[in-house]
Amino acid sequence: NTRNPIKIIDLSMRKMFPINVNSYKPSATRINYSIANFKNKIYLYGGMDEDNKMLQNMDEFDAMTYKF
């Protein structure tokens, strides 16, 4: 998948901006996933892949370094 779905929301401007993530390598493209934020890290869990197969894995994204 060549799209980069990660965006930053600026609440004061009420706009979303894409993040250029050169190391964007999550384990799968997912939809309907759970997400949590803890200590500058974002955790993505579960959901479904592009073939509607259920996923049971977790990805960690570091919001300070923009790396998975």
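This is a short walk through a predicted model of a protein of 68 residues.

I will start with confidence, then go to the overall layout, and then to particular residues. The average pLDDT of the protein is 82, and 85% of the residues score at least 70. Among the strands and other elements, β1 has the lowest confidence, with a mean of 80, while β3 has the highest, at 93.

Now the layout. The protein has 5 strands and 0 helices. Read from the N terminus, the order of elements is therefore simply β-β-β-β-β. How much of the protein counts as buried? The share is 21% of the 68 residues. The accessible surface comes to about 5700 Å², and carbon and sulfur atoms account for 52% of that. As for contacts with a separation of 6 or more, 26% of them join residues 24 or more positions apart.

Next, the salt bridges. How many are there? The count comes to 2. One is between arginine 30 and aspartate 59, with the closest N and O atoms 3.0 Å apart. This pair links distant parts of the chain: arginine 30 sits in the loop between β2 and β3, aspartate 59 is in strand β5, and 29 residues separate them. Are arginine 30 and aspartate 59 buried or exposed? Both of them are buried.

Another salt bridge joins lysine 41 to glutamate 60, where the closest N and O atoms are 3.6 Å apart. Lysine 41 belongs to strand β4 and glutamate 60 to strand β5, so this bridge ties together parts 19 residues apart in sequence. On the accessibility scale, lysine 41 is partly exposed, with a relative accessible area of 25%. Glutamate 60 also counts as partly exposed, at 35% relative accessibility.

Strand β5 covers residues 58-62. Moving on to aromatic rings, the count is 1 aromatic pair. It is formed by phenylalanine 61 and phenylalanine 68, with 4.9 Å from centre to centre and 55° between the planes, and it is classed as tilted. Phenylalanine 61 counts as buried, because its relative accessibility is 4% and the cut-off for buried is under 20%. Phenylalanine 68, at 30% relative accessibility, counts as partly exposed.

Now the surface. Which residues make the nonpolar patch? Ile8, Met13, Phe17 and Tyr66 make it, and its area is about 340 Å². Isoleucine 8 is in strand β1, which runs over residues 7-10, and it is partly exposed at 36% relative accessibility. Tyrosine 66 is in the segment after β5. Its relative accessible area is 32%, so tyrosine 66 is partly exposed as well. Along the chain, tyrosine 66 is 46 residues from asparagine 20, yet their C-alpha atoms are separated by 8.3 Å.

The loop between β4 and β5 holds methionine 48. Methionine 48 is 17 residues from isoleucine 31 in sequence, and the C-alpha to C-alpha distance is 5.3 Å. What does methionine 48 touch, leaving aside residues up to four places away in sequence? Its contacts are Thr29, Arg30, Ile31, Asn32, Lys53, Met54 and Leu55. Arg30 in that list is the arginine of the salt bridge with aspartate 59.

My last stop is the backbone. Most residues other than glycine have a negative phi. Lysine 39 has a positive one, near 50°. Asparagine 40 has a positive phi too, near 65°. Where are they? Lysine 39 lies in the loop between β3, residues 34-38, and β4, residues 41-45. Asparagine 40 is in the loop between β3 and β4. Lysine 39 counts as exposed, at 64% relative accessibility, whereas asparagine 40 is partly exposed, with a relative accessible area of 44%.

Terms used:
Residues numbered from 1 in each chain as written. Predicted model: local features only at pLDDT ≥ 70, side-chain atom pairs only at ≥ 80, totals over all residues. Heavy atoms only, no water. Patch = residues over 30% accessible without salt bridge, like charges linked within 9 Å, V, L, I, M, F, W, Y side chains within 5 Å. Areas by Shrake-Rupley, 256 points an atom, 1.4 Å probe, with all protein chains shown as cover. Salt bridge = Lys/Arg side-chain N within 4 Å of Asp/Glu carboxyl O. Helix = DSSP H or I, 4+ residues; strand = E, 2+ residues; numbered from the N terminus. Buried < 20%, exposed > 50% of the residue type's maximum accessible area, 1.4 Å probe, protein only. Contact = heavy atoms within 4.5 Å. Phe/Tyr/Trp six-rings, centres within 6.5 Å; stacked < 30°, edge-to-face > 60°. pLDDT = per-residue confidence, 0-100.
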